[in-house]
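User: I would like to learn how to read several features of a structural model. Please take them one at a time, with the general idea before the case.

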Amino acid sequence: MKLPPLKIGNLIAPIPLIQGGMSVRVSTSALAAPVASCGGIGVIGGSGIDVRELRDDIRRAKEKSSGVIAVNIMYAMKNFYELVVGSIEAGVDFVITGAGFSRDIFKIGKSYNIPIAMIVSSPTLAKLAERLGAAAIIVEGKEAGGHLGTDQSLRSIFPPIRKVIKKIPLIAAGGITDGYEMAEMMDTYGADGVQIASRFVLSEECDVDDAFKQAYLRAQKDDIVLTSSPVGMPGRALKTPFIDKLAQGFDLKSKVCRYQCLKKCDKHYCINERLRASRDGNIEEGLFFSGENTFKMKKILPVAEIFRQFISQAESVYKEKRTPVSAS
Ligand SMILES: Cc1cc2nc3c(=O)[nH]c(=O)nc-3n(C[C@H](O)[C@H](O)[C@H](O)COP(=O)(O)O)c2cc1C
């Protein structure tokens with residue numbers, strides 16, 4: 001059966017698939033534009049860069065695609081509001097936020113008539129976001145890459161949130177690698193769509209250094225680990241020399257804070273430098289965020305082919321949204 005479109009506020013994505021935002025500079029317009037052109041929602045990672053760079057990249061994405069272009073900005077960023085307003089003024093269609101909770105962002109969304117989605121891992125935050133005016137909620141389980149708000153699986157946290165969120169779209173994120181899992185989340189769990197990130201690192205269009213993609217392709221199950229972040233949340237990443245040194249307690253502090261990017265930074269390393277190093281393919285020094293199931297993906301494909309496979313797999317099993325599995 002054909003997958004339904006994803007309607008968020010007055011936006012319509014023909015395919016209910018959001019490409020997860022990835023910072024620093026992992027999901028840029030180079031990836032977001034083809035995703036949007038394939039009918040999904042293309043998301044630019046807007047954290048850790050300055051507002052001018054983000055605005056230029058949003059304009060590039062909007063020039064290349066007439067589909068839905070969103071931005072993902074972490075509340076933990078010092079220039080959060082500047083990035084949000086700058087993105088909207090540059091023409092972004094939709095703003096996604098997480099890693100902390102902003103009440104004011106909903107007022108900004110309302111004043112510009114731009115839908116806002118919040119990434120959460122609990123029913124309490126989901127309900128609060130809906131009450132404050134969220135246009136969609138993204139439920140992210142511990143399988144996700146990057147910073148994590150829970151140690152519980154997507155399939156255990158989704159049902160209690162589905163039970164309380166009835167009026168706005170609920171999106172499932174974390175560890176989804178193919179269209180069968182996409183259909184499972186929509187059909188069995190009652191998700192209105194899915195958010196997928198790691199699969200898109202392994203696309204031809206993602207413009208990280210090839211060494212980043214090769215590290216993903218080499219990863220075995222045990223090479224994807226939990227680590228610490230100066231943001232104060234755990235993070236999921238590839239086990240690289242930098243992660244080993246962190247675990248062994250080496251002093252990895254930077255001498256100077258070049259980016260001044262986080263509201264609160266415990267400074268045990270500079271996350272901005274480490275993420276930029278990963279984007280540049282520096283296996284020794286970089287922090288390579290990765291979802292738990294990256295080891296299952298063995299091919300770099302064009303974005304259009306990833307969409308073709310997801311849609312044909314999902315539609316071969318998708319029936320329709322049934323009564324979701326109940327919260328225990
Ligand atoms: C390299 C990388 C960077 C990420 N950066 C961010 C980010 O800046 N903000 C955010 O909210 N989520 C971030 N995430 C999480 C994704 O947007 C997404 O929700 C999650 O990874 C989904 O799980 P999957 O990768 O298994 O599909 C990142 C994930 C990866 C793999």
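User: Which residues come nearest to the ligand?

Analyst: A residue counts as near a molecule if its C-beta atom, placed from the backbone, lies within 6 Å of it. Here 28 residues are around the ligand, and Gly-20, Gly-145, Gly-146, Ser-198 and Gly-291 come nearest. This is a predicted model, in which local features need pLDDT of at least 70 and side-chain atom pairs count only at pLDDT 80 or more, while totals for chains, interfaces and linings use all residues. Residues are numbered from 1 along each chain as its sequence is written.

User: How do the residues of the shell around the ligand divide by class?

Analyst: Ala, Val, Leu, Ile, Met, Phe, Trp, Tyr, Cys and Pro count as nonpolar, Asp, Glu, Lys and Arg as charged, and the others, Gly among them, as polar. The shell has 10 nonpolar, 16 polar and two charged residues. Strands β5 (68-74) and β11 (193-196) each supply at least two of its residues; strands (E, at least two residues) and helices (H or I, at least four) are DSSP runs, numbered from the N terminus.

User: Which domains does the chain have, and what does each give to the shell?

Analyst: Domain bounds come from an automatic or database domain assignment. That assignment gives domain 1 (6-206 + 298-317) and domain 2 (210-295), and the shell draws at least three residues from each. The C-alpha centres of the two domains lie 22 Å apart. Their contact (C-beta atoms, placed from the backbone, within 7 Å) takes 25 residues from domain 1 and 25 residues from domain 2. On the domain 1 side, β9 and α8 (198-201) give two or more residues each.

User: What is the strand order of the open sheet that contains β9?

Analyst: Strands of a sheet pair through backbone hydrogen bonds, either parallel or antiparallel. Pairing requires that DSSP find at least two bridges between two strands. The order of this three-stranded sheet is β9-β13-β12, with antiparallel pairing. Its edge strands, β9 (146-147) and β12 (224-227), each pair on one side only. Two bridges join β9 to β13 (residues 235-238), and Gly-146 stands opposite Arg-236 in β13.

User: At what angle do α5 and α6 pack?

Analyst: Two packed helices are described by the angle between their axes and the distance between the axes. The axes are lines fitted to C-alpha atoms over the stretch in contact, and angles run from 0 to 180 degrees between N-to-C directions. Helix α5 (residues 123-132) and helix α6 (residues 154-164) pack at about 35 degrees, with axes 9 Å apart. Pro-123, Ala-126 and Lys-127 of α5 make the contact with Pro-160, Ile-161 and Val-164 of α6. By class, this contact has five nonpolar, no polar and one charged residues.

Notes. Two residues are in contact if their C-beta atoms, placed from the backbone, lie within 7 Å.
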